[in-house]
Amino acid sequence: MSLAASAPGMQTTPAVDGLSCTDCGTDYDPATQGRCPACGGALAVRYDVDAAEIDRETLSARRFDGISRYADLLPFSAETLVTAGEGATPLVACPDLAAELGVAEVYVKDEGHNPTGTTVDRQAAVAVAAAREQGAETVAHPTTGDSGQSVAAYAARAGLDSEAFVPARSTFVAKAMTNVHGGEMSVEQGRYDDVVDSFEDASADADWHSLRPFETPYRQEGAKTLLYEVVEQLDWTAPDAVVHPTGHGLGVVGSHRATADLRETGLVEETPALAAAQAEGCAPVVDAHDAGAASTAVWERPDTLIGALEVPDPEGGTLALDAVRETDGDAVAVTDDEALEGAVTAAAEGVEVSATGGVGVAAAQRLAEDGALGADDTVVLVNPVAGNKENDVLRSHLMRQGV
Ligand SMILES: [Zn+2]
């Protein structure tokens, strides 16, 4: 009998074999909450992919099903996932950008097309389902903004209450829409670390199910679906590189987990190098990568216009570093101006990339300058959030230039 089958009130898919600590390796039941009780490491879902009935033909038949088409490689069935039409986002070719970078093809994986305009919707579909399966009434987490809106929407869809702790500087649209979806929100002065302090204080006496990044093992499971889609959209070939703008590391860690699934199931043979892109004003993953460190150190004075990525102490820092190193990828920091100009460059080709996504565009430009990209390469740039959710910072950038 597998651990999955014995989990109280938690019906997982056949391929799920339990949870394991990514640090000390201890095994846990899938309903275990929080980080590893033994060592504080992040827990991750363990799969027996042989039990997953998945192949290219099955997936082709599910063409319009969003992320639930990959349910065999997710913790929950299509019926259990909390879906609002997330996933199946466009992979948009950018030939002008490819010419500029000197590579064969560049695509933007435009996550702005998700229901609340962010790649977090993939994570919320799985993590909110886990919360509901475990009988939670209220989900709560600290956020730089976008995931507050996403989780409020998915909690509403699941019939749960939500609590988001956000910094005052987060975008107006994220704060407004969190409330519109019926979510409770605490807006904190200061920066993200102040928000985390408030969340920890408030949650000490509350019966909340935490959706803090990597405090639930299920957000990164939803994040996996991005790379599944990319290889399918490229007709079952892997790109050479995927660039993830990186805060906590959920995107790049999700893609790293997807590379293992894709190889083990035989869906593709090759998998991409993963690059983590950060703003120079808050780049703990890049710093640790450059120093050859095994884990990230707290960034003492975070200061970037790219608010979604201003995460001084990434919850998935160690795992993000593993993702970069084990895929022969890279970690790149760019200035705010380079990121904003990167978004404008994509916009000039008609692709609405956010300031956050511009970090990835600028990182690819840096990789090209450094000779890290080849003339035959296919490069995918993840735009984690819709351009029009960050219109103010992009417009301000143009105004500073007198446009
Ligand atoms: Zn552990």
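Is Glu-221 buried or exposed? Glu-221 is buried, at 0% relative accessibility; buried means under 20% relative accessible area, exposed over 50% and partly exposed in between, with a 1.4 Å probe and protein chains only. This is a predicted model, in which local features need pLDDT of at least 70, side-chain atom pairs count only at pLDDT 80 or more, and totals for chains, interfaces and linings use all residues. Residues are numbered from 1 along each chain as its sequence is written, and side-chain values use heavy atoms, leaving out hydrogens and water.

**Salt bridges overall**
- The whole structure holds 18 salt bridges, each a side-chain nitrogen of Lys or Arg within 4 Å of a carboxyl oxygen of Asp or Glu.

**Glu-221 and Arg-257**
- Glu-221 pairs with Arg-257 in a salt bridge, with the closest N and O atoms 2.8 Å apart.
- This pair links distant parts of the chain, 36 residues apart: Arg-257 sits in helix α10 (residues 250-264) and Glu-221 in helix α8 (residues 219-223).
- Helices (H or I, at least four residues) and strands (E, at least two) are DSSP runs, numbered from the N terminus.

**Glu-310 and Arg-169**
- A salt bridge joins Glu-310 to Arg-169, and their closest N and O atoms are 2.9 Å apart.
- Glu-310 lies in the loop between α11 (284-291) and α12 (317-326), and Arg-169 in the loop between β7 (161-167) and α6 (172-180), so the pair ties together parts 141 residues apart in sequence.
- Glu-310 is buried, with a relative accessible area of 3%.
- Arg-169 is partly exposed, at 37%.

**A network**
- Salt bridges link Arg-35, Glu-200, Arg-212, Glu-215 and Glu-315 in a network.
- Glu-215 and Arg-212 meet at 3.9 Å, N to O.
- Arg-212 is buried, with a relative accessible area of 10%.
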